[in-house]
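My notes are below, in the order I looked things up.

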Amino acid sequence: MSEEKKVFEITSEEADNLGATPVETSEEHSFVVNDETKMDNLADLVEYIQTIPEEEFTKFVREKKRTMTNWLKEKHGDEAFSSETFEGKSKKEVHEHLKEKLKELNLLKQEAKKLTREMSEEKEKSEAEKE
């Protein structure tokens, strides 16, 4: 059985604001809010929380907050982050907390790409010197 992979995008405005990029994920690690709404990454969750009305957010928190924070903990392996998210009292507080983590992850991703590029260049240089 092959694993289906998808690319999910956030709005272009959110992408600009966060420096976010789509991420490939597997279906088995999705966070399902209802039959029509499923999130596969933090960017999806940030956009979802931003777009839902306050009353829907209150219902979401009442019904899904523990599930969401468990998903965040499993997905990111960061217990402190998921605990802080769970402690959020308002839609704005939870949304801002998630956006900050997304920014942090995107900065780490950019740094990893830079280091990978530098290591590749060093390897090529080393191999060229051997010849």
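This is a predicted model: local features need pLDDT of at least 70, side-chain atom pairs count only at pLDDT 80 or more; totals for chains, interfaces and linings use all residues.

Local features need pLDDT of at least 70, side-chain atom pairs count only at pLDDT 80 or more, totals for chains, interfaces and linings use all residues, and side-chain values use heavy atoms, with hydrogens and water left out.

**Helix H3**

I went back along H3 itself. How far does helix H3 span between its end C-alpha atoms? Helix H3 covers residues 54-76 and spans only 26 Å, whereas a straight helix of 23 residues would span 33 Å at 1.5 Å a residue. That expected span is 1.5 Å times one less than the number of residues. I then looked for a bend. H3 bends by about 70° at Lys64. The bend is the angle between axes fitted to the seven residues ending there and the seven starting there.

Next I checked burial. Buried means under 20% relative accessible area, exposed over 50%, and partly exposed in between (1.4 Å probe, protein chains only). In H3 the buried residues are Phe57, Phe60, Lys65, Met68, Thr69, Trp71 and Leu72. What covers the buried residues of H3? I found strand E3 (31-34) and strand E4 (37-39) among the cover. Helices H2 (42-51), H4 (79-87) and H5 (91-130) are also included.

**The whole protein**

I stepped back to the overall layout. The protein has five helices and four strands. These are DSSP runs numbered from the N terminus: helices are H or I with at least four residues, strands are E with at least two. Along the sequence I read the pattern β-α-β-β-β-α-α-α-α.

Of the 131 residues, 31% are buried. I also looked at contacts (heavy atoms within 4.5 Å). Among contacts with a separation of 6 or more, 51% come from residues 24 or more positions apart. The accessible surface is about 9,000 Å², and 47% of it belongs to carbon and sulfur atoms. I noted the method as Shrake-Rupley with a 1.4 Å probe.

**Salt bridges**

How many salt bridges does a search of the whole structure find? The search finds five. The criterion is a side-chain nitrogen of Lys or Arg within 4 Å of a carboxyl oxygen of Asp or Glu.

Lys99 and Glu96 meet through their side chains at 3.8 Å, N to O. The two sit three residues apart in helix H5, about one helical turn. Is Lys99 buried or exposed? Lys99 is buried, at 16% relative accessible area. Glu96 is partly exposed, at 34%.

Lys103 pairs with Glu100, with the closest N and O atoms 3.5 Å apart. Both lie in helix H5, again three residues apart, about one turn. Lys103 is partly exposed at 31% relative accessibility, and Glu100 is partly exposed at 43%.

Glu104 bridges to Lys101, with closest N and O atoms 3.5 Å apart. This pair is also three residues apart in H5, about one helical turn. Lys101 is buried at 9% relative accessible area, whereas Glu104 is partly exposed at 41%.

Salt bridges link Asp78, Lys101 and Glu104.

Conventions: Residues are numbered from 1 along each chain as its sequence is written.
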